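Here's a quick tour of a two-part complex for anyone who likes to know what the numbers rest on. Have a look at the sequence and the model first.

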Amino acid sequence: MVRKQGKGFKFAVLTAVAGLALTACGGAGVDDAASTTETGAAEACGSYSIAMHAWVGYTASAQVVTEVAKAAGCTIEQVTLEEAGVTYDAMEAGTIDVVIEDWGGGRWQDWVDRGAVVEVGDNGNVGLIGMYVPAWMAEEYPDITDSANLNKYADLFVTDESKGKGAWYEGPPGYTTIGEKMVEANGLNFTIISTGSEQALIDVFTKAAADKTPALGYFYEPQNFLAKVALARVNFPANDWTDTAEASGLTDYPSSPLIKLASKKLMDANDPFTRIIKNFKWTNDDQNGVAADIEGGMTPEEAAKKWIAANQATADGWVK
Amino acid sequence: MSDEVLGTSNRREIKRGWIFAGILVAWFGLSKIFSGKYTYELAVPQNTTFTNFVGEIAKSIRGNRTDGAAFKYFFNPIRQFIDGFVTLIRETISVPTTGSSIPLIGWFGVIALIGFIVFAIANARTAILAVTLTFACGALGLWSHSMDTLAMTIAAVFLSLVIGIPVGIWAGRSDFALRLVTPILDLAQILPTLVYLAPLALFFLIGPASATIATMVYSIPIAIRLTAFGIRGVAKGPVEASISMGSTGGQTLTKVQLPIAKKTIVLGVNQTVMAALSFVVIAALIGAPGLGKPVIEALIIRNVGEGFVAGFAVVFLAIMLDRSTTAAVVKQNTFVPPSPAQQKRRKIALFATGGAAIVSVFLSRQLAWAAYFPEQINFSEPIAHAADSAVKWVTSTFSFFTEGLIKFVTVGILNPLEALLSNSPWFLTVAAIALISLLVGGFRSAIVTLVVLFLIVGSGLWFDTMITLAQTLVATLLTMVIGVSIGIWVGRSQRAERFIRPIMDAGQVLPAFVYLIPMLGFFGPARFTAIATGIVYSIPVVVKIVGQGIRDVPVTMIEAAVSSGSTTRQLITKVQLPAAKNSLLLATNQGLIFVLAVVVIGGFVGAGGLGYLVILGSSKPDLQGKGLVAGFAILLLGIMIDRMAQFAVRRNSAPRH
């Protein structure tokens, strides 16, 4: 069967392959053109990966950092991954260099101890997770925002999925969630239902607000959605998080500064990107503004560039 | 032909039916009495001693990854080698090389090269198709993601073949080897993909290496199986003749067995490529670069349009690779030797296309337009928009239907079944399932079932396993109802087959994640979303098997029935379906395995159960052990289902008295 194609076949293919190999090894002309335009750029910057987590606020922060870094001559790859363990492992493996917003209060300690991950400090955003009901419920049942009264209204929240108890829409698996502990510690008559995504939570609340149906679900700020659909936070007994072991059996989410993490490799490199990550800091309003633009239909890149153009001095300050 | 045989077997069936009903009634009654007792329910954040133990092991493996001997001398070198290999291919076609702004070959060169390669291994028509489809991936705005996926696929397929073909040859020539590899291959085939991602990442870390190895776990068995099958398919005559003429074993292999088996082996390459491609998307969960990234991203922020666009690119690549390798197979089959004139013409064409490819590669390194895929050519937005509005329209227009359907399936079937399985005392459920297994598959089947169920009980995740089992059973039931109906139609009509075939093929290459996205939009975060996705994923395989089974019913049997005055309905229910019973059992088995693989992915969209625990385990360090154990429980569930069906098939095919 090989013979039927003859030696000509093999020869032709071999010649072509050899030719290709030779061609591919020559210098790339496009780079000469590119490098001449950029010779003014000051300091060399390496190539890094930034973890992309799946909420729009994170996208806003990460995209702004990416654009500032690209302008400073760094090569940035964005890698979508679940939060926490998976990402810290990737940082240890050297495939991820930055987490720009981590909510998880110290869960990275193991990796820090091994020297794989470095805690860089807070990014200026303050996160507050909580359990929310649509605003119309708070008007109709004013005492529902006190967790002690939730059982009284549990019947309202029953669905086909919730096994005769109230449905408690929990955050996606990758998020920081303590719903099961809250239900247990407060003796609530609710079943936890995992939603799977930020968008699914938004769907739940959008529907509940529009159709005036009851819903109890996980939400958080900074999140631009809170400006669009009114939700009321349900207050649980306050919680002392200084002792995590003690707190783990209790009750409500604390408000917490959001943390930047970096790989050891990036911290050691000490190049422009290292400085950008160390210096990056902005407010919840900044993030919500960019997030609103993204939700309004801009690409993350456009939205980030718009913010940078309006805050050029701040962005320049991060690189120094 | 065998009225009497059919008669006894019918009576036997009826008797079994009564026993089955009896078991269900007893199970149901007892479960009502003991409802909620001894259910072994374990709250999500809770660990058992065993899951804690597994978690500690995982933690110590983590801590050992830089200094441990096993890592230093075994895992890390493998990882570095594969990482290097993948990087090499990626730097050739998809990511910029160090110090450059483009890969070794720019987009124009890559397309020209694909055209040349496909022309060389297949023909001009296929080459044009391949070029068009590759260009289309770029036109979707996903050039570098598509090339990353192609690079990952090439790497995984190459390594799979390097391992798979020699092992396949060995298993083809030695019965001992075949007996050795068969159970491993069987296991690999029923292993739901979500299950082995976490353990692999534990040893090979998150990144391209883990993703490549995970893909290989999925694709190597296919390469081994088809190679062994090809070698074994070679008739005894040529082999014996070769040996009698004094050939050594090596000579017999290279001069006789391999050339004759070449067609099957090339088919194996085709199947390996398709398997690898369909896996690279899921592998994005452990850091595989490529099209999986936009797909997973779209799933997480539920961006239907973006998910579809990326899904299209996957399908384009799939068609491109499938047609190219299939055309190569067909070419292996042409036995008419080309005339000298044809040969000469082809030689000239090869030189011409080869030369054009060289020039294109050169251009793609020198000129900007050939180096960077033109940004003006980007149809992603209109396509995303169209997909988005289509799904929105369907959601709002048919909401009365979808809501009714969800209600019916959830309240009418799923909730009672879930209560029966998970809310009964565990020993009652174990006994009932074992009895059913005895009834369906016989004594040995019951033993396997018992062992598996006790292992699950021992793992501490009994309750969650039953939640997953309930969803799997409901999804399979609905799959069978739909799939068998379409299968009968397809099996009885050539026209239906031609109509359905392309849809089914597309369904099989489209990664489940892609349609999980609109499903989440249709049905919201609920168990039904997982069930619906499982149904869509597994229908093609059921239709294929049932259709084939119906077609294989002997014509004489059908003619006899028709001449004795059977109506079409009688023909289907009394002749074709009973005669195709083995196909039905096989279809059920495959349906169950396919559904299980996808239902666990439903953990992403609120379906709970074992899949949710696997996903949680990968992001919550304190639940890592529990996640790993949950993966193991999924595997056990798969084994139990598979064995039960296999025993049933064997029993059905055995001669009766």
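The notes below go from confidence to the contact between chains, and then to a few local details.

## Ground rules and confidence

This is a predicted model, so local features need pLDDT of at least 70 and side-chain atom pairs count only at pLDDT 80 or more, while totals for chains, interfaces and linings use all residues. Residues are numbered from 1 along each chain as its sequence is written, and chains are lettered from A, ligands numbered from 1, in the order in which they are written.

The predictor gives the complex an ipTM of 0.78 and a pTM of 0.84. Chain B has a mean pLDDT of 85, with 96% of its residues at 70 or more (pLDDT is the predictor's confidence in each residue, from 0 to 100). Residues 1-5 of chain B sit below 50, and beyond near neighbours in sequence that stretch has one contact in the model. Here, two residues are in contact if their C-beta atoms, placed from the backbone, lie within 7 Å.

## Where the chains meet

The contact takes 62 residues from chain B and 54 residues from chain A. On the chain B side, the elements giving two or more residues include α4 (107-121), α11 (249-282), α17 (399-423) and α27 (609-619). The largest share comes from α14(B), with 11 residues. Helices are DSSP runs of H or I with at least four residues, strands are runs of E with at least two, and both are numbered from the N terminus.

By type, the side of chain B that touches chain A divides into 36 nonpolar, 17 polar and nine charged residues. Nonpolar covers Ala, Val, Leu, Ile, Met, Phe, Trp, Tyr, Cys and Pro; charged covers Asp, Glu, Lys and Arg; the others, Gly among them, are polar.

## Chain A in brief

Chain A comes to 16 helices and nine strands. Among contacts in chain A with a separation of 6 or more, 72% join residues 24 or more positions apart.

## A buried threonine in chain B

B:Thr468 lies in helix α20 (residues 462-492) of chain B. Why is B:Thr468 counted as buried? Because B:Thr468 has 30 C-beta neighbours inside 10 Å.

Leaving out residues up to four places away in sequence, B:Thr468 touches B:Val599, B:Val600, B:Gly609, B:Leu610, B:Gly611 and B:Leu637. The C-alpha atoms of B:Thr468 and B:Val600 are separated by 7.3 Å, though the two are 132 residues apart along the chain.

Technical notes:
A residue is buried if 20 or more other C-beta atoms lie within 10 Å of its own, exposed if 12 or fewer, and partly exposed in between; C-beta atoms are placed from the backbone.
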